[in-house]
Structure formats: structure tokens, C-alpha cells
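Subject: The two-chain model, plus notes

Hi,

Here is the structure I said I would send over. Have a look at it first, then read on.

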Amino acid sequence: MSKSKPIYLDYASTTPIDERVAEKMLEYMTFNNNFGNAASRSHSFGWQADEAVELARSHVANLVNCDPREIVWTSGATEADNLAIKGIANFYKTKGKHIITSKIEHKAVLDPCRQLERHGFDVTYLEPNEGGVITPGAVRDAIREDTILVSIMHINNELGTINDIASIGELTRENGIFFHVDAAQSTGKVDIDLSTLKVDLMSFSAHKTYGPKGIGALFVRRKPRVRIEAQIHGGGHERGMRSGTLATHQIVGMGEAFRLAKEEMKSDSVKVTEFHEYFLEEVKKIDEIYINGDIQNKVPNILNVSFNFIEGESLIMGLKDIAVSSGSACTSASLEPSYVLRALGRKDELAHSSIRFSFGRFTTKDDVGNTLKLLSNVVDRLRELSPLWEMHLDGIDLDTVEWQAH
Amino acid sequence: MAYSKKVVDKFENTLKNPEKFNVGRFDPKDGDVGTGMVGAPACGDVMKLQIKCKQEGNQHIIEDVKFKTYGCGSAIASSAELVEMLIGKTLDEAKEIKNKDLAEVLELPPIKIHCSVLAEDSIKQAIEDYESKQ
């Protein structure tokens with residue numbers, strides 16, 4: 001292959017900014033355009049910026065069916081998660097010190113929870129079922145007298161599995177516990193209706209939905225009212241919940257991206273579902289592969305596959321013209337295989353062998369076809385190189401071998 | 001992953017042309033074959049190295065080598081590099097090969113040094129196995 005651009009199948013890590021979004025953003029930067037500070041009340045520059053920010057807020061609210069006044073701008077979903085979790089914990093710490101979350105959350109949820117543990121909070125980390133789903137039953141069983149917060153993601157970023165946030169919300173509301181949902185992977189993929197969901201806080205990210213990086217939002221419910229302690233102070237912007245001059249161009253970008261998401265969710269989804277079916281059908285023709293995550297209960301834009309007897313990083317190196325990610329230890333800075341895949345209770349080697357393919361708005365059928373062709377070729381070659389594959393073909397059960405771990 | 005061009009080239013060439021780069025197997029039961037296998041699937045790498053030797057005087061010389069490796073790109077590149085270093089060497093010379101030598105040739109990033117350690121261990125084991133048969 002020539003030096004053409006690699007095929008991008010990593011939409012779950014980030015999406016490109018939609019051209020239409022980038023165009024809108026450019027209108028909010030330079031002197032000849034609208035560059036004002038939305039907090040400036042004394043002149044038209046400020047008023048125009050404020051207007052753009054409020055319009056964007058309504059676009060975000062509109063996608064998830066909430067009141068625009070319930071949207072707080074943040075620098076991304078990581079900050080939104082931090083604000084929700086630490087914000088609730090610190091505001092309501094006199095009510096209780098117990099938090100429930102899961103082992104398959106994003107680090108943006110797990111790390112704030114760990115931080116709270118260091119400050120005297122008690123956190124329960126729920127195990128997913130073998131399909132990678134956190135069941136309402138598991139949440140119910142973990143609720144205690146002193147539980148103040150449940151934080152469970154909507155769609156898992158590695159597996160694409162969907163948690164039943166409607167049922168979990170019923171449980172938390174009944175028990176007077178706040179419910180936070182990380183929905184970074186959900187917007188533009190599945191319907192979210194906050195007028196019916198009993199979710200108290202929800203985190204959003206722009207750059208997973210064709211908006212810019214560096215901007216996100218936290219939904220904070222007004223009725224029944226949810227209060228949080230601010231984590232960033234300095235001017236009292238965003239009703240005191242998040243200070244700092246608003247990044248108008250970023251916000252406009254997120255607003256436009258979410259407006260487009262609402263308009264194009266159906267057509268995006270039809271296309272991606274088609275790719276998912278095609279990919280799944282073809283990849284199943286490869287021997288000894290495992291789909292990670294409950295195939296009946298996931299979004300079609302993410303497909304996580306383990307290619308047994310092949311290590312994921314070498315597979316990625318072999319697929320050098322395809323941009324994907326792996327749960328392999330070798331692709332992580334920590335040299336630990338994916339904690340999400342490990343939480344499914346499978347063998348570690350299946351985590352090492354996993355690749356996440358994620359499709360999006362700009363994926364073409366050719367991209368998928370070419371990837372599949374290359375994939376089966378590289379898998380064959382790497383298995384030719386694999387002593388484990390050789391042993392498998394010789395009928396040796398690898399679980400009975402005494403390995404010399406080093 | 002910030003690999004040197006050497007690692008990438010070695011990996012890609014081995015993948016493209018496995019026979020030329022000594023991928024394969026000997027019958028481990030043969031008297032002139034020594035087999036070493038180190039690592040574990042759960043850790044993400046397993047290296048299997050086989051040497052075929054002949055005796056010349058009181059020296060044993062490595063005539064041919066075959067390997068198979070399950071692991072990341074640098075583990076595969078390290079094995080392929082090691083194999084080339086071994087052919088034609090006496091067992092005493094082969095014992096002198098250290099993981100440092102491999103890491104230097106391939107310019108392995110620090111986090112990947114364990115791949116070269118694995119390679120060193122595999123040759124030690126293969127020699128032991130061969131010597132136990134003599």
C-alpha cells in the first residue's frame with residue numbers, strides 16, 4: 001500500500017470534527033468574527049458570544065431532552081465525571097460515605113472514586129456479568145443505608161455494551177440515592193430522554209460525536225434538585241458550578257455537533273449497523289475468535305474481538321494501515337491488559353489478543369472490506385508464527401501446560 | 001508505540017517471509033535438537049526456540065535454528081534477531097549472548113527490555129535441553 005492515509009476504525013477513541021462543525025467554530029475566534037467573552041455584559045461582543053453559548057446549550061439539551069439550564073459546560077467528559085462524583089460526595093458527605101460504581105467504568109470515573117477513598121469514602125466496584133453488562137440486580141444488592149451515589153456508565157467504551165440505566169435509575173430514585181451516568185459514548189448513537197430517565201447527573205463529551213476535543217458538559221438535574229460542590233473556583237460561571245471563561249468556539253462546536261447528531265442519528269445508525277453485520281459475518285469465518293461483550297446488548301459502532309493465540313499489539317503492527325486499538329498490555333503504558341476485559345472473567349490471554357474496531361460517520365464499505373481482507377491475512381501469518389497456535393493444532397490444551405512466567 | 005525502524009523492519013520482514021527468517025519447528029525428540037520455551041500466554045508472550053547442532057571435535061556448533069513467538073512486535077523482532085545471531089556459533093559462544101546485545105541492536109525502548117530477556121532465557125533453555133541429550 002502507498003503512503004495513503006490509514007483506514008480509521010477507532011471512532012470510539014475520538015471522531016474527526018465534522019466539516020460543518022469546524023466551519024461554525026471558525027466564526028467564533030477572530031477579530032472579524034465573534035470573539036467576545038460571554039461573561040461581558042456591557043457590550044455587543046459579549047452579548048453575541050453569550051447568545052451563541054446559549055444556543056449551543058439548547059442544542060445539547062435538545063439531544064438528550066432536558067432543560068438547557070441543566071447543562072453545565074466542562075472541558076470534557078473527564079472533568080464532567082470528576083465534577084459529578086466529587087461534587088456529590090463533597091456536598092452530601094454528611095448524609096453518607098458509600099458510593100457504588102463498576103469495574104468497567106472509564107478511568108475518569110474510577111480515579112475520582114479512588115481519590116474519594118483516600119478521603120474516607122467507601123466505594124463498591126461492581127463486577128459486570130460475563131456479557132460486560134452491569135445489571136440492576138447487582139446495583140440493588142450493593143445499596144446500603146449510607147449509599148449516596150451510584151455512578152454507572154451508559155455504554156462501555158471498550159465493548160460497546162449498554163447498561164440498563166432506566167432500571168438502575170428507578171432503584172436509585174426509590175432509595176434516595178443520586179445517580180450519575182457517564183454517557184460519553186452514547187450521544188448520537190442511542191436515544192437519551194432525560195425527561196423520563198431517573199438520572200441525576202450525566203456526563204457528555206463533544207469529541208466522540210464529531211465535535212472538538214476539550215469540551216464537554218455535565219447534566220445536573222433541577223427537579224428534583226441536585227446540588228454539587230464546585231471543583232474549580234474563580235468567577236462563579238455556570239451558576240457557580242464551574243468557573244472559567246467559556247470557550248465560545250468549543251461550545252459552539254459541541255452545540256453544532258449535537259444538533260447534527262440529533263438530525264443524523266438515524267442515518268448514521270443505519271449505516272453503522274450495516275457495517276457491523278458485514279464485519280461480524282466475515283470475521284466469524286476466522287477460526288478461534290471471540291466476540292467480547294454481549295452481542296445482543298450493544299451498540300453497533302463498537303466491536304471488540306479477541307483473536308486467540310495472537311498478541312494484540314503484534315496484530316496492530318501487522319495491520320499498520322488500519323487504525324484500531326487493543327486491550328493488549330503491550331499497547332498500554334502500564335503493561336497491564338485491559339481491566340475491562342479482565343473483569344469479564346475471561347482468561348488474560350483473550351485480553352492480550354483483543355482488538356476494538358469502531359465505525360463512524362465517515363467509514364465506507366471499502367474501509368470495512370479492505371480491513372477484513374488484510375485482517376484475515378495478518379491473522380494467518382501471525383498464527384504461523386505463534387507457538388500457541390502450533391500447540392493448539394497439535395491438540396494440546398494450553399491450560400494444562402506449565403508455563404514459565406517471567 | 002515508539003519502535004525503532006529496526007524493530008519495525010524485522011517484524012515486517014519476518015511476517016512477510018517467515019521461512020527466510022527461520023520461523024518453523026524441528027522435531028523436539030531428535031537427538032541433535034534442543035528446545036527452549038519461555039513465557040506464558042497470560043503474560044502476553046511465549047517464545048519457542050529450537051537449535052539444531054552438530055559436533056566438530058569437542059565443540060558443538062549451532063547449524064540451524066527455528067523459532068515461533070507469540071507476543072508483541074518487539075518480542076517477535078527480538079526472536080528473529082536472536083536467531084540470526086545464533087547460526088554458526090558454538091554453544092559456548094551462544095551462551096555469551098546477553099539480552100543487552102539484542103536490546104542494543106534493535107534499539108528497544110526501555111519498557112520492552114523484557115522481550116530481550118525472554119530471548120536470552122529461551123536460548124539458555126534450548127542449550128540446556130540439547131546438552132541433556134548428549
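Below is what turned up, going from the overall picture down to a few residues.

Please keep in mind that this is a predicted model. It scores ipTM 0.93 and pTM 0.94. For chain B, the mean pLDDT is 92, with 99% of its residues at 70 or more. Within that chain, strand β3 (residues 59-70) has the highest mean pLDDT of the elements, 96, while helix α4 (residues 99-106) has the lowest, 88.

**Chain A**

Chain A has 12 helices and 13 strands. Its radius of gyration is 23 Å, close to the 22 Å that the globule rule gives for 406 residues, so chain A is as compact as a globular protein of that length. Along the principal axes, its C-alpha atoms fill a box of roughly 75 × 55 × 35 Å. Of the 406 residues, 52% are buried. If you take the contacts in chain A between residues at least 6 apart in sequence, 71% of them join residues at least 24 apart.

One helix to look at is α2 of chain A (residues 44-64). At 1.5 Å a residue, its 21 residues should span 30 Å, and the end C-alpha atoms are 31 Å apart, which agrees. Its buried residues include Ala49(A), Ala52(A), Val53(A), Ala56(A) and Val60(A), and also Arg57(A) and His59(A). What do the buried residues of α2(A) pack against? They pack against strands β2 (71-74), β7 (201-205) and β8 (216-220), and against helix α7 (248-283), of chain A. Just after α2(A) comes Asn65(A), with a positive phi of about 55°.

Val60(A) comes up again in the largest nonpolar core, which has 155 residues. Along with Leu149(A), Ala217(A), Leu218(A) and Phe219(A), Val60(A) touches the most other members. Helix α7(A) gives the most to this core, with 11 residues. In soluble globular proteins, nonpolar side chains do tend to be buried together. To see one of these residues in its setting, click on Leu218(A): setting aside residues up to four places away in sequence, Leu218(A) touches Val72(A), Thr74(A), Ala80(A), Leu83(A), Ala84(A), Leu201(A) and Ser203(A).

**Chain B**

Chain B has five helices and three strands, in the order α-β-β-β-α-α-α-α along the sequence. A compact globule of 134 residues would have a radius of gyration near 14 Å, and chain B agrees with 14 Å. Its C-alpha atoms fill a box of roughly 45 × 25 × 25 Å along the principal axes, and 49% of the 134 residues are buried.

**Where they meet**

28 residues of chain B are in contact with 28 residues of chain A. On the side of chain B that touches chain A, α1 (5-16), β1 (33-40), β2 (45-56), β3, α2 (73-86) and α5 (113-133) of chain B each supply at least two residues. β1(B) gives the most, with four. That side of chain B divides into 18 nonpolar, five polar and five charged residues.

Is Trp403(A) buried or partly exposed? It counts as partly exposed, because it has 14 C-beta neighbours inside 10 Å. Leaving aside neighbours within four places in sequence, Trp403(A) is in contact with Gly39(B), Ala40(B) and Pro41(B).

Cheers

Conventions. Residues numbered from 1 in each chain as written. Chains lettered and ligands numbered in written order. Predicted model: local features only at pLDDT ≥ 70, side-chain atom pairs only at ≥ 80, totals over all residues. pLDDT = per-residue confidence, 0-100. Expected span 1.5 Å × (residues − 1). Buried ≥ 20, exposed ≤ 12 C-beta atoms within 10 Å, placed from the backbone. Contact = placed C-beta atoms within 7 Å. Nonpolar A, V, L, I, M, F, W, Y, C, P; charged D, E, K, R; others polar. Core = buried A, V, L, I, M, F, W, Y, C linked by C-beta atoms within 7 Å. Rg over C-alpha atoms; globule rule 2.2 N^0.38 Å.
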